[in-house]
Amino acid sequence: SWKGDPDTGERLAGESRSIFEGLGAKEGIGKVYMALAFSLHRKGDHAAARPLWKAALGISREFGDQHLAVTQLIGLAMYVFEDGEAGEALSMALEAANEATDAENVQLAIWMLDFVAAFAASAVPEGAVRLAGAVEALRQVAGGGMPLAPLDLEDAGSVAARVLSPESLDQALAEGRAMTLDQAVEYAKELERLVSGLSTS
């Protein structure tokens with residue numbers, strides 16, 4: 001599915017599911033739900049993918065797999081975002097960032113903050129770019145990490161570039177690059193409050 005062949009991905013996920021069901025391995029079945037959901041998402045069948053992703057998250061929570069649960073939570077947030085619920089998606093992304101931070105998984109926390117910035121970009125473009133600047137700098141210090149591009153999610157800088165001047169973009173990025181991880185998480189919380197306030201006003 002990652003390589004652009006979701007039909008084969010769906011078939012392999014189905015075969016894996018049969019094996020895990022035969023073994024009675026529920027934790028493995030949860031991982032297959034995630035793989036199957038991703039292949040369906042790649043094929044554009046979001047309605048079928050979303051409940052599978054939610055089921056995968058429930059199983060990860062049940063077995064205490066926090067890393068996988070965070071990844072699945074952000075996947076579910078993407079479905080919410082695609083359904084036009086940016087505020088709810090942002091709240092879920094912030095929850096995922098907090099969980100990753102609590103687990104001291106720095107690279108995962110930074111990746112979650114990238115989602116927060118992307119989800120907030122339409123409502124608060126300058127703030128989202130500031131957070132994206134923090135993500136960029138923190139990712140370099142952490143030795144890399146997953147980008148958003150393979151998930152077909154437009155990053156905060158691209159969204160904000162449609163409404164902000166190049167000078168404003170550069171300044172916001174520079175301000176963000178000076179943040180520590182803790183400061184970036186606190187700033188993400190502030191963005192979530194701003195977006196929530198805009199949606200209720």
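Residues are numbered from 1 along each chain as its sequence is written, and side-chain values use heavy atoms, with hydrogens and water left out. Because the model is predicted, local features need pLDDT of at least 70 and side-chain atom pairs count only at pLDDT 80 or more, while totals for chains, interfaces and linings use all residues.

Let me begin with the aromatic rings. A pair of aromatic rings is described by the distance of the centres and the angle of the planes. The structure holds five aromatic pairs; rings of Phe, Tyr and Trp (its six-membered ring) pair if their centres lie within 6.5 Å, and planes under 30 degrees apart count as stacked, over 60 as edge-to-face and the rest as tilted. One of these pairs is Phe115 with Phe119, which is tilted, at 6.0 Å centre to centre and 50° between the planes. Both residues belong to helix H6 (residues 106-120), where four residues, about one turn of the helix, separate them. Helices here are DSSP runs of H or I with at least four residues, numbered from the N terminus.

I turn now to the packing of H6. Its partner is helix H7 (residues 125-142), at an angle of about 160° and with the axes 8 Å apart. Axes are lines fitted to C-alpha atoms, for helices over the stretch in contact, and angles run from 0 to 180 degrees between N-to-C directions. H6 is therefore roughly antiparallel to H7, a term for angles over 145 degrees, whereas those under 35 are roughly parallel, 65 to 115 roughly perpendicular and the rest oblique. The contact (heavy atoms within 4.5 Å) includes Trp111 of H6 and Leu131 of H7.

Helix H7 also holds Arg130, which counts as buried at 16% relative accessibility. Its C-alpha atom is 5.0 Å from that of Leu173, 43 residues apart along the chain. Beyond residues up to four places away in sequence, Arg130 touches Ala172, Glu175, Gly176, Met179 and Tyr187.

Finally, Glu99 lies in helix H5 (residues 86-102) and is buried, with a relative accessible area of 14%. Its contacts, leaving aside neighbours within four places in sequence, are Arg61, Gln66, Val70 and Leu73.

Terms used. Helix = DSSP H or I, 4+ residues; strand = E, 2+ residues; numbered from the N terminus. Buried < 20%, exposed > 50% of the residue type's maximum accessible area, 1.4 Å probe, protein only.
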